[in-house]
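Hello,

Here is the structure I promised to pass on to you. Please have it open while you read the notes below.

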Amino acid sequence: MATDYDAPRKTEEDLSEDSIEELKTRRTDKPSAVVDEDETELAEGYELPGADLSGEELLVRVMPAQADEFTCASCFLVRHRSQIAREKDGLKYCKECVG
């Protein structure tokens, strides 16, 4: 089948919808992406380094080491027993600290 590349690809109805005035109204109808936010409210959520946190209470549940865990003698992180790379003088070291 032959294709006429010179023929308009839009119908008359489509062309009338894309008039300059129509495009201008579409542009002004769009909601703006700018949101008015109060800077002081945003700043209240950030903690600055060296801030006095003596009045703050931390709610963390501390669990004792499980039977399949150990504390690395170098980095002091609690790790799974599969991460033991070396044991010296009763102290256990993880793969990351030894390797």
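**What turned up**

Glu44 sits in helix H3 (residues 39-44); helices (H or I, at least four residues) and strands (E, at least two) are DSSP runs, numbered from the N terminus. Before going further, please note that this is a predicted model, in which local features need pLDDT of at least 70 and side-chain atom pairs count only at pLDDT 80 or more, while totals for chains, interfaces and linings use all residues. Residues are numbered from 1 along each chain as its sequence is written, and side-chain values use heavy atoms, with hydrogens and water left out.

Back to Glu44: with a relative accessible area of 62%, Glu44 is exposed (buried means under 20% relative accessible area, exposed over 50%, partly exposed in between, with a 1.4 Å probe and protein chains only). Glu44 also belongs to a surface patch of negative charge, together with Glu37, Asp38, Glu39 and Glu41. Such patches are made of residues with over 30% relative accessible area and no salt bridge, like charges being joined within 9 Å; Asp and Glu count as negative, Lys and Arg as positive, and the place of a charge is taken as NZ of Lys, CZ of Arg, CG of Asp or CD of Glu.

On to charge pairs. The whole structure holds 1 salt bridge (a side-chain nitrogen of Lys or Arg within 4 Å of a carboxyl oxygen of Asp or Glu). Glu96 and Arg79 form a salt bridge, with 3.3 Å between the closest N and O atoms. Because Glu96 is in helix H4 (residues 95-98) and Arg79 in strand E2 (residues 78-80), the pair ties together parts 17 residues apart in sequence. Glu96 is exposed at 59% relative accessibility, whereas Arg79 is buried at 16%.

Lys92 is buried yet has no salt bridge, and Glu87, the nearest side chain of opposite charge, is 4.7 Å away. Beyond its neighbours within four places in sequence, Lys92 is in contact (heavy atoms within 4.5 Å) with residues including Phe70, Cys72, Ile84 and Glu87.

Finally, some backbone angles. Phe76 is not a glycine, yet has a positive phi of about 60°. Phe76 lies in the loop between strand E1 (69-71) and E2 and is exposed at 61%. Asp89, also not a glycine, has a positive phi of about 55°; Asp89 is in the loop between strand E3 (84-88) and E4 and is exposed at 74%.

Best wishes

Key
Patch = residues over 30% accessible without salt bridge, like charges linked within 9 Å, V, L, I, M, F, W, Y side chains within 5 Å. Areas by Shrake-Rupley, 256 points an atom, 1.4 Å probe, with all protein chains shown as cover.
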